[in-house]
Amino acid sequence: MDQHSENKETAKAIDHLFRQEAGKMVAVLTRILGFPNIEQAEDIVQDTILKALEIWKYGKMPEHPEAWLYRTAKNQAIDLIRRKKIRHRIENDLTYLLKSEYTLVPTIEDMFGENSIKDSQLRMMFACCHPSITQEQQITLILKTLCGLSPKEIGNAFLSNEETIRKRIYRTREKIAEERIPLEFPSEGLLGERLESILRTLYLLFNEGYNSSHPERLIREDLCEEAMRLTILLTEQQQTSLPQTYALLALMCYQTSRFNTRLDDKGLIILLQDQDRGRWNQFLISKGNEYLQLSTSGPAIHDFHLEAGIASMHANAGSYENTDWKLILGLYDELFLRTQSPVVALNRALVIGEVEGYEKAIRQLEAMKGLEENCYYHSSLGEMYRKTGEKEKAKKHFGSALCFTSSNAETELIRRKLQDCL
Amino acid sequence: MEKFLYLFRGGNNSELSPDALQAHLQKWQEWMMKLGKAGIFVGGEPLARTGKQVNGTKKVVTDGPFVEAKEMIGGYMLVQVKNMDEAIEISKGCPILEVDGKLEIRPIQKMGEM
């Protein structure tokens, strides 16, 4: 490798490392300095990264770059604490330990230990997903704080601009400071409820990445990856490695196993029945199976169990025709009973089509209310009519579907379907 | 809750091998951290072995303190506990005792009760 491409390689590696480690370091430093000092924690991390870039630009990366980053960040934090340059007074369980030379350095070292890093990340997750802030704010804050994404990158991912994201982060942090939301694990009685809020938000984050056909696909895949990384983190800690956490992780594994087969070379959507199952990621499917097994350790059934169960049936079926539709229908029945969600009802109707015939599916779909402006509803209905040979009705619904999508890939898919009806 | 001062005196650290010294310092950290996390430790610092002394009305500055090594104060710590009995009990875990040092416990005098 020549010097130029070597430098480029280094820059890329640093970039990846930066994002991974920035999230960890911000979580730890905020844990130490307290939430009101989160911006200073970010400054320390930013400074650390800049130093690394400056030094590594001219030479090789150290063998353990993350250790180098931690050491630099630790030294900065220690220096600021010693010189009393922390902006807001530190008020937490570490206050006294940070005040004494006996314990200052050992405390900082301790906080940068592997388990403490995870602990800090989880505390941060609980704070970011506190019920008093909206889900949109929760996702933004998670991406900024725990995943190390810049406001620009977050803006890109959500088709929003940098300034809007910046403001949202600022307001959310104000809220957390105002409400004095602590960086703590919730008490045991509240744990289930608070974990639920985290899992819902991570699932939403995952779906943001998975479902949309955003022009910048890479960023979208990053969202899925980050959501999975944080879910894995939850499974690694005793208090949060509950059955529902494993069920969500299993679901994510099954979904991502199909990542590379959902779009063709031109970025057009390939439907489940047409996907090349040989290209599904078998490693992720086996991980999904493993996590689904782990999710059955308790008596309670969570929606995620049912959703993961459905995804598992698809992932493990040899072909579309050999899918166990009856079992899937049973899972949808239960899921609908619990959620009463129109989207679940819609999906359930499509499974009914496979089990009991498309006419029955059509009757169910036609009876549904509230989905009149849903693209997926109309395209599904169009597809059912196409299958039963009622081309005029199929055309009508595909036409409606076109009105309710903003995605190019979806538009193209529906156009092709429409053409089939001519 | 009452406050007490621990004064750490003496202790033959200098006779330890580098490895043993390392292990000994580790014990100190662990002990301090344990008290810190339990909310007992509320302050304190280790002290350097050198310093100055300012004396009497003439404020004469001399090098010092020149006391015997086994009397030298190596550090102090403020703890918050129920009473003297608890302060004594907790002090027994202090690693300085393992190297033949001394730990002096002094209640904080509440002014006005003198």
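The secondary structure of chain A comprises 20 helices and zero strands, where helices (H or I, at least four residues) and strands (E, at least two) are DSSP runs numbered from the N terminus. The model is predicted, so that local features need pLDDT of at least 70 and side-chain atom pairs count only at pLDDT 80 or more, while totals for chains, interfaces and linings use all residues. Residues are numbered from 1 along each chain as its sequence is written, chains are lettered from A and ligands numbered from 1 in the order in which they are written, and side-chain values use heavy atoms, with hydrogens and water left out.

Taken along the principal axes, the C-alpha atoms of chain A fill a box of roughly 80 × 60 × 40 Å. Of the 422 residues of chain A, 52% count as buried, a term that means under 20% relative accessible area, with exposed meaning over 50% and partly exposed in between (1.4 Å probe, protein chains only). Among contacts in chain A (heavy atoms within 4.5 Å) between residues at least 6 apart in sequence, 65% join residues at least 24 apart.

Helix α18 (residues 375–387) of chain A packs against helix α20 (residues 408–420) of chain A at an angle of about 25 degrees, with their axes 11 Å apart. That angle makes α18(A) roughly parallel to α20(A), a description given to angles under 35 degrees. On the side of α18(A), A:Cys375, A:Ser379, A:Glu383 and A:Arg386 meet A:Glu410, A:Ile414, A:Lys417 and A:Asp420 of α20(A). The residues of this contact divide into two nonpolar, one polar and five charged, where Ala, Val, Leu, Ile, Met, Phe, Trp, Tyr, Cys and Pro count as nonpolar, Asp, Glu, Lys and Arg as charged, and the others, Gly among them, as polar.

Two loop residues of chain A were also examined. A:Gln238, in the loop between α11 (217–235) and α12 (243–256) of chain A, is exposed, with a relative accessible area of 69%. A:Arg262, in the loop between α12 and α13 (282–294) of chain A, counts as buried at 15% relative accessibility. Leaving aside neighbours within four places in sequence, A:Arg262 is in contact with A:Tyr210, A:Leu268, A:Ile269, A:Ile270 and A:Gln275.

As regards confidence, the predictor gives the complex an ipTM of 0.86 and a pTM of 0.85. Chain B averages a pLDDT (the predictor's confidence in each residue, from 0 to 100) of 91, and 98% of the residues score at least 70.

Technical notes. Axes are lines fitted to C-alpha atoms, for helices over the stretch in contact, and angles run from 0 to 180 degrees between N-to-C directions. Angles under 35 degrees count as roughly parallel, over 145 as roughly antiparallel, 65 to 115 as roughly perpendicular and the rest as oblique.
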